[in-house]
Amino acid sequence: MGTPHRVVIIGSGFGGLFAAKHLRRAPVEVTVIARTAHHLFQPLLYQVATGVLSEGEIAPATREILRRQKNARVLLGDVTDIDLANKTVTSTSPLGTTVTEYDTLIVAAGAGQSYFGNDRFADYAPGMKSIDDALELRGRIFGVFELAELTKDPEMARKLLTFVVVGAGPTGVEMAGQIAELSRRTLQRDFRNIDPSQARIVLLDAAPAVLGTFGDKLSKAARRRLEKMGVEVAMDLKVVDVDAEGVVVEGKDGARTRIDSYCKVWAAGVAASPLGKQLAEQSGAELDRAGRVKVQPDLTLPGHPEVFVLGDMATLNDYPGVAQVAMQGAKHAAKQITARLEGKPDGAPFHYRDKGSMATVSRFHAVASIGPLRLSGFLAWLIWLVIHLVYLIGFKNRVTALLHWAVSFIGRGRSERTATLQQVMGRRAMEKMRADDPGHWAGLGPLEGVPAPTTDGVRSSASSGRPA
């Protein structure tokens with residue numbers, strides 16, 4: 001029997017995970033390499049940040065998901081290099097470097113937060129791209145209420161109870177709506193020295209409208225609902241500075257205004273994984289402004305039909321950067337790989353089927369754009385609820401999420417309000433460690449004296465110093 005066709009998948013998000021699952025019956029050996037050991041249901045991160053759901057409910061272990069798929073294995077590692085000529089992927093871990101050979105490569109490493117060239121803003125305004133981000137924001141959000149209860153200075157209390165959400169897309173709208181729910185409903189009776197309902201929530205964006213991609217009708221409906229909840233919606237404002245105590249915004253007329261706030265959330269802009277630049281340099285492919293690779297119609301890399309690029313890393317036909325594009329792209333890639341192995345024609349173009357867009361604004365209220373339908377209110381919220389339950393991975397996660405939603409939306413409680421100083425400080429501490437010692441993976445050096453693991457089809461090497 002010959003060596004199985006080796007498919008290496010970079011990333012365990014929607015594109016990577018669904019590609020692996022669609023290859024479960026194919027005569028291939030699948031290796032998933034990801035920098036985290038979990039699959040993240042990113043659209044619900046804001047609910048982790050605001051205490052509705054636990055991180056485990058939206059981030060199940062990748063190994064658990066694929067445990068019954070005999071042709072798949074998972075490797076923990078941060079991919080640092082892709083060699084198209086030699087068909088290898090190099091990843092690093094605390095044990096050193098691992099070089100994995102492939103016959104077919106699927107690159108679905110996702111995207112990170114973009115601060116539009118102002119990366120220092122991240123010190124004071126966390127994004128919403130990872131579990132670490134959500135837990136840090138949870139600590140910041142609930143923490144400022146605690147500090148406001150403690151202070152005797154009314155001006156300090158006012159700054160502490162001012163929340164600024166930058167970005168009026170779905171994530172920003174959902175986050176602003178949930179902070180409003182927290183302050184006006186959940187925390188209303190929990191404090192003695194402050195009135196949480198007096199918290200100021202500001203949602204701002206350089207764009208002219210809330211949820212601009214949803215169309216004028218739903219944009220206006222979402223804005224009306226937010227304003228009814230007490231959210232200040234400020235459009236056509238560009239953030240030009242962020243510090244520990246506030247943000248500075250600039251209007252179209254050039255006038256600048258400062259908003260004092262100790263709790264800021266950055267929900268604007270995405271930047272594709274830097275692996276896209278490596279692929280472009282080696283293949284001659286073009287990149288767009290967000291660093292996404294301009295792929296062939298069949299989602300392959302120009303000149304490299306053995307390399308598929310999916311999800312937020314790829315750009316084709318102006319398809320949106322949403323989970324459905326990644327999932328459908330994963331299915332397409334798996335079909336093309338299977339067709340090749342069976343000797344059937346491949347190279348069929350990828351066509352995205354738009355299943356609609358939706359965003360929650362508050363409990364029992366959402367907006368949904370599904371084909372020609374434009375829905376807002378309770379019916380849209382019910383559709384949102386059903387779809388998110390369907391796409392959550394694992395029966396137990398669906399059950400516990402539904403119970404937590406009942407507690408939060410029918411009642412007033414939030415089951416996940418625990419926050420620690422480690423969660424708030426961890427991200428910046430790790431970034432400082434990386435800056436001081438950039439060769440270390442995730443702030444950790446290789447474990448001295450521990451040999452790197454060796455598995456079939458994988459060449460591994462552990463250095464005694466830093467990962468190569």
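Three strands form an open sheet in the order β12-β13-β14, with antiparallel pairing. Strands β12 (238–243) and β14 (256–260) stand at the edges with a single partner strand each, so one side of each has no neighbour in the sheet. From one strand to the next, the twist averages 20°. Five bridges join β13 (residues 246–250) to β14, and the two run antiparallel. Gly 246 has Asp 260 as its bridge partner in β14. Two strands count as paired if DSSP finds at least two bridges between them. Strands (E, at least two residues) and helices (H or I, at least four) are DSSP runs, numbered from the N terminus.

This is a predicted model: local features need pLDDT of at least 70, side-chain atom pairs count only at pLDDT 80 or more, and totals for chains, interfaces and linings use all residues. Residues are numbered from 1 along each chain as its sequence is written, and side-chain values use heavy atoms, with hydrogens and water left out.

**Helix α1**

Helix α1 covers residues 14–22, and seven of its nine residues are buried, so the rest of the structure largely encloses it. Buried means under 20% relative accessible area, exposed over 50%, and partly exposed in between (1.4 Å probe, protein chains only). The buried residues are Phe 14, Gly 15, Gly 16, Leu 17, Phe 18, Ala 19 and Ala 20. Their cover includes the strands β1 (5–10), β2 (28–34) and β7 (104–107). It also includes the helices α4 (62–65) and α10 (323–341).

Two packed helices are described by the angle between their axes and the distance between the axes. For α1 and α10, the angle is about 30° and the axes are 8 Å apart. Axes are lines fitted to C-alpha atoms, for helices over the stretch in contact, and angles run from 0 to 180 degrees between N-to-C directions. On the α1 side, Phe 14, Gly 15, Phe 18, Ala 19 and His 22 make the contact. On the α10 side, Ala 323, Ala 326, Met 327, Ala 330, Lys 331 and Ala 334 take part. Contact means heavy atoms within 4.5 Å.

Leu 299 and Asn 317 each have a positive phi in a residue other than glycine.
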